[in-house]
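I opened my notebook to keep track of what I looked up in this model.

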Amino acid sequence: MKQISHPKYSKSINGIFIDPQIFTFPFSCRCAGECCNYGVYTDLKEHDLILSIKDKIIPLMDETQSKNISKWFEAPEKDEDFESGVAVGTEIINGKCTFLDKHGLCTLQKLAMTEGEHKWKYKPIYCVLFPLTIFEDALTIDDEHIDRLKTCNKNGAQNTSIFEACREELLYFFGEKYFAELEDYKDEYLLQLYSGVVKNG
Ligand code: SF4
Ligand code: SF4
């Protein structure tokens, strides 16, 4: 069940609380996609969707990937941060997510683009959002995972905020109306921050 208040964050948009640090945290996404080497947790519904289109996914896979669908996912587990209340992790095969091909491309994204659909149509939302994440009903920075990765945000070019770096992804996640509300909140928060009304962090 969604929280109506949050111990750390005051602003919520469409049921998701917002960690305002996303407006100031410096981030630069420039690496070969190391985040895909660890797989991802999918919502049960996303897992079911992926399996329902297995016949279209398999022909796009290469010899570094498993075409045996029983090897694609871990066992389901309860997790209230997922819409269905159940998360299913993708397996790691040859040191990378089962859906990552040898050229560093996500097969789910490749399929959507091959079909002329939106590139993220079949992609788990946690893949779209990373380096942001939803944790305990709040949109926040996945700093634990960023820190764990060797090349993520470590290129010395962090001259933009994680919000700006993930603008396209946030627009996709929230849709136009709620993204506009997020932008208004950003402007309001930054104004308060620069005028000393609030402190960062
Ligand atoms: S989010 Fe991080 S690990 Fe993933 S591609 Fe960008 S910089 Fe690399
Ligand atoms: S599903 Fe695709 S985007 Fe997500 S971790 Fe696997 S290869 Fe990467």
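Before anything else, a term: domain bounds here come from an automatic or database domain assignment. I also noted that this is a predicted model, where local features need pLDDT of at least 70, side-chain atom pairs count only at pLDDT 80 or more, and totals for chains, interfaces and linings use all residues. Residues are numbered from 1 along each chain as its sequence is written, while chains are lettered from A and ligands numbered from 1 in the order in which they are written.

**Domains**

I looked up the assignment and got domain 1 (15–32 + 130–201) and domain 2 (41–128). Their C-alpha centres lie 25 Å apart. How many residues of domain 1 are in contact with domain 2? I found 9, and they meet 7 residues of domain 2; contact means that the C-beta atoms, placed from the backbone, lie within 7 Å. On the domain 1 side, β8 (132–135) and α7 (167–194) each supply at least two of the touching residues. Helices (H or I, at least four residues) and strands (E, at least two) are DSSP runs, numbered from the N terminus. By class, that side has 6 nonpolar, 1 polar and 2 charged residues. For the classes, Ala, Val, Leu, Ile, Met, Phe, Trp, Tyr, Cys and Pro are nonpolar, Asp, Glu, Lys and Arg are charged, and the others, Gly among them, are polar.

**Core**

Next I checked the largest nonpolar core, which has 35 residues. Such a core is a set of buried Ala, Val, Leu, Ile, Met, Phe, Trp, Tyr and Cys residues joined through C-beta atoms within 7 Å. Buried means 20 or more other C-beta atoms within 10 Å of a residue's own, exposed means 12 or fewer, and partly exposed is in between, with C-beta atoms placed from the backbone.

In α1 (residues 44–52), I found Glu46, His47 and Ile50 buried. They fall within an arc of 105° seen down the axis, so they line one face of α1; the arc is that of the directions from the helix axis to the C-beta atoms. Asp48 and Ser52 are exposed, on the face turned away from the buried side. The cover over the buried residues includes β3 (41–43), β5 (86–89) and α3 (107–114).

In α3, Thr107, Leu108 and Leu111 are buried. Their arc is only 105°, which puts them on the same side of α3. These residues pack against α1 and α2. After α3 comes Gly116, with a positive phi near 75°.

**Ligands**

Last, I looked at residues near each ligand, meaning a C-beta atom, placed from the backbone, within 6 Å of it. Around ligand 1 they include Cys29, Arg30 and Phe130, and the shell divides into 7 nonpolar, 3 polar and 2 charged. Around ligand 2 they include Cys36, Leu108 and Lys123, with 9 nonpolar, 2 polar and 1 charged in the shell.

Technical notes
Two residues are in contact if their C-beta atoms, placed from the backbone, lie within 7 Å.
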